[in-house]
2 protein chains.
Amino acid sequence: MPRQADIARAAGVSQATVSVVLSGNRARVRMAEATRLRVLEAAEKLGYVPDPVATRLASSRNHMLGLYTFKTTFPTDVADSYYPILVGVEEEAAALGQDLILFTGRGGADRRAHDATAIRRTRVADGCLFFGRHVPDEAIGGLLESGFPLVYIGRRAELDGRIPFVGADYVSATRQVVERLVHNGHRNIRYLREQDDAPSSTDRERGFRQATAGLPASVHRLDGDGIDLDAWRREGVTAVVVEETDTWTAYNALTLALESRNLTCPDDLSLAVLGRPPVESAAVTGFAVPRREMGRQAVRLLVRLITREIGQDSPAAQQLLPCAPVGGTTVGPVR
Amino acid sequence: MPRQADIARAAGVSQATVSVVLSGNRARVRMAEATRLRVLEAAEKLGYVPDPVATRLASSRNHMLGLYTFKTTFPTDVADSYYPILVGVEEEAAALGQDLILFTGRGGADRRAHDATAIRRTRVADGCLFFGRHVPDEAIGGLLESGFPLVYIGRRAELDGRIPFVGADYVSATRQVVERLVHNGHRNIRYLREQDDAPSSTDRERGFRQATAGLPASVHRLDGDGIDLDAWRREGVTAVVVEETDTWTAYNALTLALESRNLTCPDDLSLAVLGRPPVESAAVTGFAVPRREMGRQAVRLLVRLITREIGQDSPAAQQLLPCAPVGGTTVGPVR
DNA sequence: CTGAAAGCGCTTACAG
DNA sequence: CTGAAAGCGCTTACAG
C-alpha cells in the first residue's frame, strides 16, 4: 500500500509536503499551486489512502467515535428500546463521516477489575459515547480530567454533574401527562415506579411531584408483593401512572393487576405510561422517548466536543431532549 | 497517561524491556524474574494501559475486528434478519477479547467512488468482516492479495471463489424440505423465487433441483404480475416452496395469492418456506437460518485467519452452516 | 540477561 | 515557498 513517502518520490517533493497537501493545508502553509496539483495527482495515481492508525498516533484525530456499553452492545432482551439508539448513532456518525468502535472485548471474568483498562482503551477513538447506568467514577473522571471527549447517552449526575450527556426530558414529559390528569379532575394519582434509582426514574418522580403539588398524590415503589388495585381504589386513587423501563417490570406488574380484575382497560381508573406503551396496548396514554434522536444528538455533541467547538464544561454539553406526547384513550374523567 | 517510558524510569530499566515484559515476553527473551516483577509492579502502580494505536502501528495486532456493511449497519427495514447476526458477532468478539470497528463513515455523495478508500480503511483493524451482496472486486481482491484477513458473512463465489466466508447451507436445507414433499407423494412442486441472483437464491434452486430430479418441478421467478394459484393447480402443481429473503417479497406475494382465494392455509396445496416463516405464520414448514451462529463463526474464522492458524486459501476458510428444520403443519399428502 | 536503535506512517513546529 | 527533524508510543531485531 502506498505511503506518503511514495507520493513524495513520485512528485519530487518531501514527505512532509505531501502531508501538508493531503491534509488540506490547514496550517495555511504557502505553496505553489503547481506543487499541490502534482502531489494530488501522484496520490490519485498511486491510489493513496491515509493510514488511520498512523494518523491517529501522529495527530489527534482519526474520525472514529467509540461506543462503550456496560452490558452487551446488542442485547437480546431489551433490543426494542436499545436498537433505535444505535440507529440514531450510526445515522449521525455516517452523516458526519465518523466510524464507530464498539468496545466489546473487555475480557470475561473480572469485569470490574478490567473496567479501568477497558475504559482507557476508548482513547483509540477521538471521543467516546457511553451508554448504561454504570459510572465508574475514577475511570470516567480520569478521562474527563484529561480532556478526553465523552458523552453519556442518558442523563448522569455523577462526578458533580460534570459528565456531558444527551438525555430525555422525563421531568417535563411526566409533568405534562400528570397535569392532563389533574386537568381532567383527578386529585389522587399514584405513580408506580420500580425499585432502583435510575435518573430516568427519579426524573419522572420529580415531574410527578411538580404536577401533583398540593394533592394527595403518592409514589408506590414496586416490591415483591404485587399490586392491589382494589385497595388503591378504596384509598381514593383514581388514576395510575407507571414508568416505562427497558424491562417493563412495573408496567407488567400493573397489567397483571388489571388482568386479575378482568380489566385490561379499566373504566374506574385512568391510566398513563411514562413512556411509550408496548405495541399491543397502543391505546394507552403516554409519551415517546426520542431514542433515535438521542443517538443522533449524542454523536453531534461528541463531535463538537472533539472539535472543541464547545467545552466539556459548557452548559451546552448537557442536553435534555423533549418527549413527544402519545395521545391514547386511557385518560378520562374521574369515575 | 503513563507510557512505557514512565514505567521504565520508575523500574530503572529501558523502555524496550518494559515492552518485552508487558507483552508477556513472547519473544522468550531471558530475563531476571526480579526485573520482571519490578516492571509489573511499576506498571500497576502507575495505572498503565497500553495505547492501542501505538501498538497497532508498531506491531500487527490491536485486537480490533472490522465490520463493513455495504448498506447501513443498523437497518430499520430488515432489522429482524440482520440483528441476530450482529448479536452473534458481538458475542463471539467479546468472548475472544476483540473490539469491533463499524465502518460507517464513508461519506455521503458518491459512494461508489469512495468504496476503494473506505475499504482500504478497514486495515485499521486486524481483519474485517464483510456483509452484503456487494463485492467490489478490485478493492476486495487487493485486500485478499495483500494477505489482509477478511471474511464475508454469506456465501460468495466472486474472485474465483477465493473469498473466505461463513454462509448457510441452503442447498441441503432446501433439498431436505423438498424431499419431504416428494416423500409425501408430491410430484409437481413449484419453487417461487425472487428476481435477483443472490447466492442464497441460487443455492435454494440447486437444492430444489436436486430433490426434484426427474420430476416436472418448475421454478417460478416473481415478476410484477402476481401469482395465479388456480392456474398452477390446473397445471397439476400440488406443492409450493417459497424462498425467504430479508424483504419477504416472494413470501408476501404468495400470501397475497392465498388470501385472494380466501385461504391462508390451503387444503389443496402443500406449502413450505425455504427459511423461517414470519412469527404470525409459525405453523408453516421451513427451516431456520442460523444467523446468530453465522455471526459467531464468522468471527471465529476471522480470528483464525488473523492468527494464521489457517490460511485464507484453506478449504476451512469457507464454511457452510446447517439450517435446522422447522416442523410446521403445511406439508401434507397430495390432495 | 539487558539496552540502544530503528522503524511503523503520519503531523507539526521549525529552519532555511 | 519547501525540506529536514523530531516525535506520537509502541515492537522487534540486533548488539553487547
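Of the 335 residues in chain A, 53% count as buried, meaning under 20% relative accessible area with a 1.4 Å probe, protein chains only. This is a predicted model, where local features need pLDDT of at least 70 and side-chain atom pairs count only at pLDDT 80 or more, while totals for chains, interfaces and linings use all residues. Residues are numbered from 1 along each chain as its sequence is written, chains are lettered from A and ligands numbered from 1 in written order, and side-chain values use heavy atoms, without hydrogens and water.

Next, the fold of chain A. I count 13 helices and 12 strands, taken as DSSP runs: H or I of at least four residues for helices, E of at least two for strands. Chain A is more spread out than a compact globule, because its radius of gyration is 26 Å, well over the 20 Å from the globule rule for 335 residues. That radius is taken over C-alpha atoms, and the rule is 2.2 Å times the number of residues to the power 0.38. Along the principal axes, the C-alpha atoms fill a box of roughly 90 × 40 × 35 Å.

Now the partner. How many residues of chain B are in contact with chain A? There are 41, and they meet 40 residues of chain A; contact means heavy atoms within 4.5 Å. Between them the two chains bury about 3900 Å², with 64% of that on carbon and sulfur atoms. Buried area here is the accessible area (1.4 Å probe) lost on putting two parts together, summed over both. On the chain B side, F74(B), Y83(B) and R120(B) supply 19% of the area buried against chain A, more than any other three residues.

Terms used
Buried < 20%, exposed > 50% of the residue type's maximum accessible area, 1.4 Å probe, protein only.
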